[in-house]
Structure formats: structure tokens, C-alpha cells
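I opened a new notebook page for this protein. The entries below follow the order in which I looked things up.

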Amino acid sequence: MAADSKKVRIVVSPQEFSDWPSLLALLRSAYAYMDARIDPPSSLLRMDAEQLEAKAREETLILAFDDRRVVGCLFAALRADCVYVGKLAVDETSRRRGVARELMDAAEAFARAKARPFVELETRIELVENHATFAALGFTKVGESAHLGFDRPTTIRMRKPVVA
């Protein structure tokens with residue numbers, strides 16, 4: 001059964017969470033569509049469950065649950081001037097139900113609590129549909145960058161001001 005955003009429960013820094021292999025599978029499934037489209041390949045392809053767990057110790061993990069099943073996630077990293085959002089993913093069966101928006105709302109609340117004026121993210125230059133999705137969530141493009149060894153932009157950086 002697909003998630004209904006009214007039934008989705010958002011949990012910030014879930015202390016009891018331990019199913020890292022399933023979270024990795026959710027991320028890989030959600031990111032699979034981009035494998036043939038982006039260059040260089042996603043760092044997610046090199047990540048294992050232990051590295052994902054380590055990432056959650058260094059950053060703030062935010063999960064979306066439909067009952068007990070994880071249907072979405074993102075990682076929020078505290079930086080000097082912003083909260084950086086990475087590894088945003090929503091299970092295919094739960095898309096178009098506001099789950100990504102609820103996860104981003106939680107990231108914005110985290111930024112407010114940490115007195116950061118922006119939420120920031122990067123998205124691959126080739127994924128124009130992601131640019132549109134993030135723009136619809138209130139993000140604007142603020143820059144481009146290139147992965148090491150590339151002479152062309154490979155990512156765009158987007159920011160959203162956090163309203164107090």
C-alpha cells in the first residue's frame with residue numbers, strides 16, 4: 001500500500017534505527033534511474049551499509065515512516081552557514097504524496113533550530129527534473145561546480161532561505 005503523507009511519520013535522528021541494509025537498498029533503488037544519465041557515477045554506488053551508518057553518526061538522519069516501513073530519508077549536515085541536505089530519497093511507491101516535502105520541512109526545522117539561514121543541496125546537472133522539483137520546493141540555483149577531473153559543471157548548488 002502506498003504511503004499517504006498524512007500517515008507518514010517523520011523522525012529526526014532515530015536512535016532505535018538499525019536496518020542499514022534496507023536503507024541502503026531504498027537509496028539505491030531511488031537513485032537507480034540516474035545511473036545511465038550522470039557522469040561521474042553516484043558515490044552511493046561505492047557505499048555499503050556500514051558507511052551509511054557512519055554517515056548517520058556524522059550527520060543528522062531524517063526518516064519518513066509509513067507505519068513501520070521506511071519510505072524516505074535524507075541526511076542533514078550542519079555547516080557554518082547552512083544545513084546541507086544530501087541523499088534525499090523516497091520509495092517509488094510513496095512518491096507524489098508529499099513525503100519529500102515533509103522531509104525537507106524537517107530539514108528546514110533542523111536549520112532553524114541550529115540558527116542556520118539556509119538549507120542547501122546539490123543536484124546533478126543532467127537531472128533537470130530534479131532541478132524543477134527543488135525549485136517547486138522553494139530552492140533557487142546559486143552556483144555550479146565540477147567533480148575532480150571534469151572540465152565542465154557536473155552539479156548545481158541550490159539554496160532555500162529558512163524562514164523563522
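Where is P40 found? I found P40 in the loop between helix 1 and helix 2. Helices (H or I, at least four residues) and strands (E, at least two) are DSSP runs, numbered from the N terminus.

Before going on, I noted that this is a predicted model, in which local features need pLDDT of at least 70, side-chain atom pairs count only at pLDDT 80 or more, and totals for chains, interfaces and linings use all residues. Residues are numbered from 1 along each chain as its sequence is written, and side-chain values use heavy atoms, with hydrogens and water left out.

**Entry: backbone**

I looked up the peptide bond between D39 and P40 and found it cis, with omega about 10 degrees. Most peptide bonds are trans, and most residues other than glycine have a negative phi. S13 is not a glycine, yet I read a positive phi of about 50 degrees for S13. S13 sits in the loop between strand 1 (8-12) and helix 1. I also read a positive phi, near 65 degrees, for R96, which is a residue other than glycine. R96 is placed in the loop between strand 4 and helix 3.

I then checked exposure (buried means under 20% relative accessible area, exposed over 50%, partly exposed in between, with a 1.4 Å probe and protein chains only). S13 is partly exposed, at a relative accessible area of 33%. R96 is exposed, at 86%.

**Entry: whole protein**

I counted 4 helices and 7 strands. Along the sequence they follow the pattern β-α-α-β-β-β-α-β-α-β-β. The radius of gyration is 15 Å, close to the 15 Å that the globule rule gives for 164 residues, so the protein is as compact as a globular protein of that length. That radius is taken over C-alpha atoms, and the rule is 2.2 Å times the number of residues to the power 0.38. The C-alpha trace spans about 45 × 40 × 30 Å along its principal axes. Of the 164 residues, 46% count as buried.

**Entry: largest pocket**

I looked for pockets on a 1 Å grid over the protein atoms alone (a pocket is an open set of points where a 1.4 Å probe fits, with protein on both sides within 12 Å along at least five of seven lines; lining residues have an atom within 4 Å of a point). A volume is the space filled by probe spheres set on the points, which are joined across faces, edges and corners.

The largest pocket has a volume of about 1200 Å³. Of its 44 lining residues, Y31, Y33, L88, N130 and F134 are the closest to its centre. Strand 4 gives the largest share of this lining, 7 residues. I sorted the lining into 21 nonpolar, 11 polar and 12 charged residues. Ala, Val, Leu, Ile, Met, Phe, Trp, Tyr, Cys and Pro count as nonpolar, Asp, Glu, Lys and Arg as charged, and the others, Gly among them, as polar.

I followed up Y33, which lies in the loop between helix 1 and helix 2 (49-58). Y33 is partly exposed, with a relative accessible area of 36%. Leaving aside neighbours within four places in sequence, Y33 is in contact (heavy atoms within 4.5 Å) with L127, E129 and N130.

**Entry: second largest pocket**

About 200 Å³ of space lies in the second largest pocket. Its lining includes R9, E16, F17 and D91. Helix 1 gives the most to this lining, with 3 residues. The lining divides into 5 nonpolar, 1 polar and 6 charged residues.
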